[in-house]
Amino acid sequence: MTPASWTQPVDDVGLVPFGSGLERGLDERSLCTRGIQLEILAGLGLPVGAGLTIPVPNVPGFTSPDRAKAAMNLLESISGRQISGTTDTGGLVLLRLSASAPVEAAGLPPDLVCLGLRRSIIPDGLGAKARSDLGSAWWKTAVFIAEHALGVPGEDLGTLDFDYPDVIERVEPFKRLCEEKGSSPFPSKRSEQVAAGAKAMIERWNSPRAARARKKQNLPPDLPLALHLETVVVTEHDDEGHGFAVSRDMASGHFAPNGAFHHGFRWSGERQPTGHPLSELPDGVEMLTGVLAELEGRLRSSVIVDFEYGPDGLALVGLEQMRRPNARVATSLAVDLAIRGITDEVEAVRSTSPVHVLELLHPQPKLTGDEIPFVSGLGASPGAAVGRIALDSEAAVEYMEAGEPALLVMSETTPGDLPGMMAAAGILTLNGGSASHAAVVARGMGRPAVCGASGMRIDREAGTVTAGEHVLNAGDILSIDGATGIAYVGELSIERPGPSPSLTTLLGWADDSRRLGVRANADTGVDATTAIDNGAEGIGLCRTEHQFLGDRLPLVRRVILSHDFDAEAAALAALADAQREDFRELLLAVGDRPVTVRLLDAPMHEFLPATAADAEDEHQARMLEHLHEENPMLGVRGVRLALMHEGLYPAQVEGLFNAWVDVVSEHDVRPELEVMVPLVSIPEELVMMLRLIRRVNQEVASRTGVLVPFKIGTMVETPRAALMADKLAQWAEFLSFGTNDLTQLTYGFSRDDVERRMLGTYLEKGLMTASPFAELDDQGVAVLMEYAVTKARSVRPDIKLGICGEHGGDPSSIAICEGLGLDYVSCSPQRIPLARLAAAHARVGLDEAGTGS
Amino acid sequence: MTDVVLANDERDALVTMVVRGMARGEATAEQQALADAGLILIKGPIMMPTPAGTTFVAEQLRLPDDAPERERIMATFHRFLPVNRQLRDLCTAWQVRPDGSVNDHADENYDADIRDRLDDIDDSVAPLLKRFTEDIPRMAGYRSQLTESLAKLDDGDDSWLASPLKDSYHTVWMHIHQELLLTIGMSRKEDEELEERLVSGAGA
């Protein structure tokens, strides 16, 4: 349905009792959202509240008391109750008027919950609580009608509220005020009240306030309304009341009906979140559970139902679909619906958003069970924080100035504590709830907070915080988890969690749907283990630069700066031995999977002393001056450095091959080695390196008796390499697109400079819609890649093609890679779950577009 | 503390700082004088009142127990607290969605509903503010500050509802609340307990 059709007029269809609209062929254009919700509830075959919809075309005429009277008569016959009469249990029957639009809309008039009171007299027969609730409800209804239907100034109505605190005493002055300042007296006849209520709602919907709300939601200015008239029973009996039930637990996402209920009548238009828990409802929990399961299946969303209960049992009176569930609810629901056979695995994968995956893998405090809980309160602002206890703002500011994170611990906060709250990493308060000053301000500043930790005692004079047996001093380290509301003694470690059971299931289904392989960029055994735990099928990029840093830096410097052949050879041998250890650890973690090891790619200056003063000797100092580069990223780097120092790459592959022999013999695993030469732009660069690497391979074989199997390939980082892909493919068994450099060089962008200085302006002026370093450029860089893919496959049809830039973890870039027919994407270990889902989305999208195979 | 004598400008500057909790930027001449008198603390770009400064302002603003307007102010304050709760709940909803996730302001329907409800709160506080101002004239400026923050919010900058880093609707509201507490001489703890009693219908 398009926005334009919401405002199309539909024919006069009369009054529509709840549950009779669909069979008459009516839809949301005339019944609006609430009318449709009641149709759905009635369709379950269970009792729904007694009521009727005044459909869109009939609303303008409903401001006539005659029409209102007809609706009341119909409602009396539907409900079997006399309006303004009493029920068997002594409840007073009144009317509730509400409004809805053809689409979910904010800015609707409030429900008028107390229409039909004869001569506005609150009867004596009711108990004190019912009279009090009824009084408040009547006042709200009366003020709304007086202001919007009779035009009585709101300010005058507000004054009345002050002058007559008691509602019953306020009735007569209110009526006098309406006579004096209103267009007509406050209606005494019930049908006139209903008609005036309708008029007030229409006026309010046409007010600037409601127009602003529609504008904010991009809804048509002339969006129409339907009205809904229902009976309300004012009662005080414990066996009569109202409540709501939510289908899922928001924290776990699981199907676990929960909610709250209240005795007495539904006097507010809004849901009351606190009340008796659903489990205490004497009767009907089983029915609600069934209803929620049925509705979830039918609507394919998490749902909330409103109900009333009384001597005759439960009646459903409202329904809400959760339009934007959180990640846990969304993934759990998707899995449940597929398992129930309502959807299937592909639909479950399709309905899961990459944003949800990122949300589920957000860093959280990692609990090992050894933590010492200090005190618990309400998780008031999410996130975890660790810091030194500061008992006032001044202390927190002092810690900040000293560069130490502080945790502000106070009874409660006031505006006076703002400096401390800004300075602190997190906030812990003794008093207050999730809507306290501390909580609102902490969330506003993005600081984690736990509030209302009433189990602790703060002694500012002694400088201590005590909870149970633990006495902490100002300055001690404390941690808080703003999600669970627990504070811990000492430092909590914060890590990314593994996938939840629902997400694990979904990602398994995603794996079944995708064609693209997903590998990880991992340089160490630890990273590789994380990646494989997250579902990586191998390592698509192992950078070896870090193997040349730290205590190995002097060795590399000697290789680059030495004028002594023996010294260079000794340094290379030492490097080969050191790298053998690094590779062993990595290969062991990789197991039998493929692993692409990129030989040294860093610019030369990263290994050289910063100034001549740091050189080991005079010769090094002279060389340093000689080797200075104007633009190191485009200078002697990658294969170019290896050609200037021919011992470098052989030393690396010697370490790699030896490590492979080690893990095969010691651990019986056979990683599939792929040796990758970086920054090639001339095919002969690759050929020369291949010769060197094969020689080392033979040397290791003759020494160990094992001919280490390996594939050779190259990165495609320069436009020239992409253009020469067919020539490269004559030698290379795989190509990996290094799209960070390829993007820089295709645009001629220096990434750091451009991102820092220019990108914002370009995005603002609409020259770009996203950073080409975050989302692969489908107009330029991807076209170059497509050319390379076609050329390479024309020479070597089974050549393996992948991508190892940051784009490998970006959903829109992954979709481009799927379209190009690459074999795999490689991304950071943390983004592996996201890449698995995105690869499945890309495949499903292609299949649906009819271009997939 | 009663022996501290301040020029009017200095006194006003100190009251403003205690109500707001802090100030940022270069110290004015008045602020420097307050720092020299040990009433405020200047730490880099941040200025905040010292306990002595806070006590001084509390003594200056607090109405005597037998002040004739006290009863009227208290009666209005009792009406203010339930509205105060509504505002804090609304700010909470603005920051956190009902399922506990952070409101990323991508759901126009959700945000528009909260903005719409803010009008109810603003309508409720308007007559209260008018009454307070009759007895506490220095509070006259708050009405226009609230209106200004609403205008900026409606111009499309979401931070004007609840950001503590600017004079957002919530920030101005907190200043109003703080000034009332100083005037009445009520602690934050007593205030929270009273609000809870009023909201739960247990009476004052």
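Me: How many of the 204 residues of chain B, as a percentage, count as buried?

Reply: A residue is buried if 20 or more other C-beta atoms, placed from the backbone, lie within 10 Å of its own, exposed if 12 or fewer do, and partly exposed in between. For chain B, 32% of the 204 residues count as buried, and for chain A, 49% of the 853 residues do. This is a predicted model, in which local features need pLDDT of at least 70 and side-chain atom pairs count only at pLDDT 80 or more, while totals for chains, interfaces and linings use all residues. Residues are numbered from 1 along each chain as its sequence is written, and chains are lettered from A and ligands numbered from 1 in the order in which they are written.

Me: Where is A:His841 placed, and is A:His841 buried or exposed?

Reply: A:His841 lies in helix 31 of chain A, where helices (H or I, at least four residues) and strands (E, at least two) are DSSP runs numbered from the N terminus. A:His841 is buried, because 22 other C-beta atoms lie within 10 Å. Leaving aside residues up to four places away in sequence, A:His841 touches A:Arg350 and A:Pro811, a contact being a pair of residues whose C-beta atoms, placed from the backbone, lie within 7 Å. The C-alpha atoms of A:His841 and A:Thr505 are separated by 16 Å, and the two residues are 336 apart along the chain.

Me: How is the packing of helix 16 of chain A against helix 31 of chain A to be read, and at what angle do their axes cross?

Reply: Two packed helices are described by the angle between their axes and the distance between the axes. The axes are lines fitted to C-alpha atoms, for helices over the stretch in contact, and the angles run from 0 to 180 degrees between N-to-C directions. Here helix 16 (residues 501–513) and helix 31 (residues 832–849) of chain A have axes that come within 8 Å and cross at roughly 45°. The two helices are therefore oblique to each other, since angles under 35 degrees count as roughly parallel, over 145 as roughly antiparallel, 65 to 115 as roughly perpendicular and the rest as oblique. Their crossing is left-handed, meaning that the near helix is turned anticlockwise from the far one by less than a right angle, whereas clockwise would be right-handed.

Me: Which residues of helix 16 and helix 31 of chain A meet?

Reply: From helix 16 of chain A come A:Leu503, A:Leu507, A:Ala510, A:Asp511 and A:Ser513, and they meet A:Pro833, A:Arg836, A:Leu837, A:Ala840, A:Arg843 and A:Val844 of helix 31 of chain A. The residues of this contact divide into seven nonpolar, one polar and three charged; Ala, Val, Leu, Ile, Met, Phe, Trp, Tyr, Cys and Pro count as nonpolar, Asp, Glu, Lys and Arg as charged, and the others, Gly among them, as polar.

Me: At what angle do helix 22 and helix 23 of chain A pack?

Reply: Helix 22 (residues 648–667) and helix 23 (residues 683–704) of chain A pack at about 40°, with axes 9 Å apart, which makes helix 22 oblique to helix 23. The crossing of these two helices is right-handed. Among the residues making the contact are A:Phe657 and A:Val661 of helix 22 and A:Leu692 and A:Val696 of helix 23, and the residues of the contact divide into ten nonpolar, three polar and one charged.

Me: At what angle do helix 1 and helix 2 of chain B pack?

Reply: Helix 1 and helix 2 (residues 29–36) of chain B pack at about 80°, again with a separation of 9 Å between the axes, and helix 1 is therefore roughly perpendicular to helix 2. B:Asp9, B:Glu10, B:Ala13 and B:Leu14 of helix 1 make this contact with B:Glu30, B:Gln31, B:Ala33 and B:Leu34 of helix 2.

Me: What is the radius of gyration of chain B, and what is that of chain A?

Reply: The radius is taken over C-alpha atoms, and the globule rule is 2.2 Å times the number of residues to the power 0.38. Chain B, with nine helices and three strands, has a radius of gyration of 18 Å, close to the 17 Å that the rule gives for 204 residues, so chain B is as compact as a globular protein of that length. Chain A, with 31 helices and 31 strands, has 36 Å, whereas a compact globule of 853 residues would have a value near 29 Å.

Me: How many residues does each chain bring to the contact between them?

Reply: Chain B gives 44 residues and chain A gives 40. On the side of chain B that touches chain A, the largest share, ten residues, comes from helix 5 of chain B, and the residues of that side divide into 16 nonpolar, eleven polar and 17 charged.

Terms used
Contact = placed C-beta atoms within 7 Å.
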